[in-house]
Amino acid sequence: MKLTTRPSPLVPTPKHKATFTCCTLTQLPIVNPNQMTFTHNLPNWQQLLNPVDISSLALTPITPITTTTTTSTTTATATAAAKQPIRKNWMEYQGFTNWEGLLDPLDANLRGEIIRYGQFVDVAYKAFDFDPDSNSYATCKYSKASLFENSGLPGTGYRITKNLRATSGIQLPSWIEKAPSWVATQSSWIGYVAVCQDKEEIARLGRRDVVIAYRGTATCLEWLENLRATLTQLPSVLNNSGLDNCEPMVESGFLSLYTSGTDSIPSLQQMVRQEIARLLQYYGDEPLSITFTGHSLGAALATLAACDIKTTFNPSPLVTVMSFAGPRVGNSSFRRNLDKKGAKVLRIVNSDDVITKIPGFVIDDNERRHKACDGGFRKAVEFQNWIQKKVEDTQLSYAEVGKELRLSSKDSPYLMGTNVSTCHELSTYLHLVDNFQSSKCPFKATAKRLFSKKH
């Protein structure tokens, strides 16, 4: 649920100011999916769609996260951390033990891996054509062979094997043909599949890694899909939970973008399944991991895709989601379904980012509420169950999934007073991850001292 940042260093300095444009979305109104129509009467959040210039923002100058488009080497300390061998414990870093003991304090190798996957998402933004006047609007600007290098991330050791598209299932009225073509862009490039091919990188990782990276919201119809905040039941092909009477349900718009297709364009679901099936057949005898990563809308799609892959392929390799600034995706039954299938989700959350707090409501569904109890406590539990039922009836009862790495813009001395849009930026998330230490010491003590020396 985000537009883009122009390719530029994430850390502006007095001699080189980087220009960013970004947008975000406030609390989503409740919209009936069956009554979705395009209208020019935009709601109050229209102003947040306008680019916000944050060129004056001073991010930490000591740990730049990405490279510029004019250099082939990175100066990121996080990249150096990411290059440490993790082959002996790679499954722990991929969440096999739910990142137990690795998040607080944040393990240095895990920090490097999180940022490395964040950079794959950044590439999905930089390679996307955001210009509505361009003939190639909503497509990938580069070939698969040159995408990483042209997006400022050479030397990954990965090769892109497939481009991915997402298609909106919203039916537009006939008069929309009179609007500019970008308004009705139904299908757009949303990311890619890449496979680790470099022998040294495979040795460092301890396995061959498949990464599927998704960008956030970019097109008009993707924004409209984001507004479809009510829950809808998962199709049977995505749900074999057998858990309880409460069916797994997910946000209507996210499911639409994942499962919709046209006569000429397969759905994102079909493209991901076909490519994963091909790669499993080709590399099935090797140690293999599948890592979905995305920002905002891309994080939601990554979570849905991970659930789908664990349902479709049995047995399947370890499937991990690195989720940046992701909104809520489904209800508590969906969460239990995801846990049962073994998909591992690490949600990187900025406490000051409103997108991570929507859509819907979260009501505690702890099992203790369903156990017998006596006295006044029983009445309190019954009342809480009643509230839970009322919220579920609104189809807006969501649940958080996976493990959480909670950060805060307020902990950074360079992000104080930043606006809502800045808090949602991928660059902000990478900045916070790169400097986070622990809940007791949330920011690197050396960052401020070194920053002062430079200014």
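Helices (DSSP runs of H or I, at least four residues) and strands (runs of E, at least two) are numbered here from the N terminus. The structure is a predicted model, in which local features require pLDDT of at least 70 and side-chain atom pairs count only at pLDDT 80 or more, whereas totals for chains, interfaces and linings use all residues. Residues are numbered from 1 along each chain as its sequence is written, and side-chain values use heavy atoms, with hydrogens and water left out.

The protein contains 14 helices and 11 strands. Of its 455 residues, 56% are buried, where buried denotes under 20% relative accessible area, exposed over 50%, and partly exposed the range in between, for a 1.4 Å probe and protein chains only. Among the contacts in the protein with a separation of 6 or more, 77% join residues 24 or more positions apart, a contact being defined by heavy atoms within 4.5 Å.

Two packed helices are described by the angle between their axes and the distance between the axes. In what follows, axes are lines fitted to C-alpha atoms, for helices over the stretch in contact, and angles between N-to-C directions run from 0 to 180 degrees. Helix α3 (residues 108-126) and helix α13 (residues 426-435) have axes that come within 10 Å and cross at roughly 165 degrees. That angle makes α3 roughly antiparallel to α13, given that angles under 35 degrees count as roughly parallel, over 145 as roughly antiparallel, 65 to 115 as roughly perpendicular and the rest as oblique. The crossing of α3 and α13 is left-handed, a term that applies if the near helix is turned anticlockwise from the far one by less than a right angle, with right-handed used if the turn is clockwise. On the α3 side the contact is made by Arg111, Ile114, Ile115, Gly118, Val121, Asp122 and Tyr125, which meet Leu426, Leu430, Val433, Asp434 and Asn435 of α13. By class, this contact of α3 with α13 comprises seven nonpolar, two polar and three charged residues, with Ala, Val, Leu, Ile, Met, Phe, Trp, Tyr, Cys and Pro counted as nonpolar, Asp, Glu, Lys and Arg as charged, and the others, Gly among them, as polar.

Helix α13 is mostly covered, 10 of its 10 residues being buried. One of the residues of α13 is Thr428, which is buried with a relative accessible area of 1%. Leaving aside neighbours within four places in sequence, Thr428 is in contact with Asn350, Ser409, Leu415, Thr422 and Cys423.

Not counting residues up to four places away in sequence, Thr303 touches Val321, Val329, Phe334, Leu338 and Val401. Phe334 and Leu338 are among the buried residues of helix α10 (residues 332-341), and the elements that cover the buried residues of α10 include β5 (249-251), α9 and β8 (344-350). Helix α10 is followed by Gly342, whose phi is positive, near 90 degrees.

Thr139 is found in the loop between α3 and α4 (147-150) and is partly exposed at 25% relative accessibility. Thr139 and Arg165 are 26 residues apart in sequence and 8.7 Å apart in space, C-alpha to C-alpha. Ala138, placed in the loop between α3 and α4, has a positive phi near 70 degrees and counts as buried at 1% relative accessibility. Ala325, in the loop between β7 (318-324) and α10, likewise has a positive phi, of about 55 degrees, and is buried with a relative accessible area of 0%. The peptide bond from Asp104 to Pro105 is cis, with omega near 5 degrees, and a cis peptide bond also joins Ile358 and Pro359, with omega about -5 degrees.
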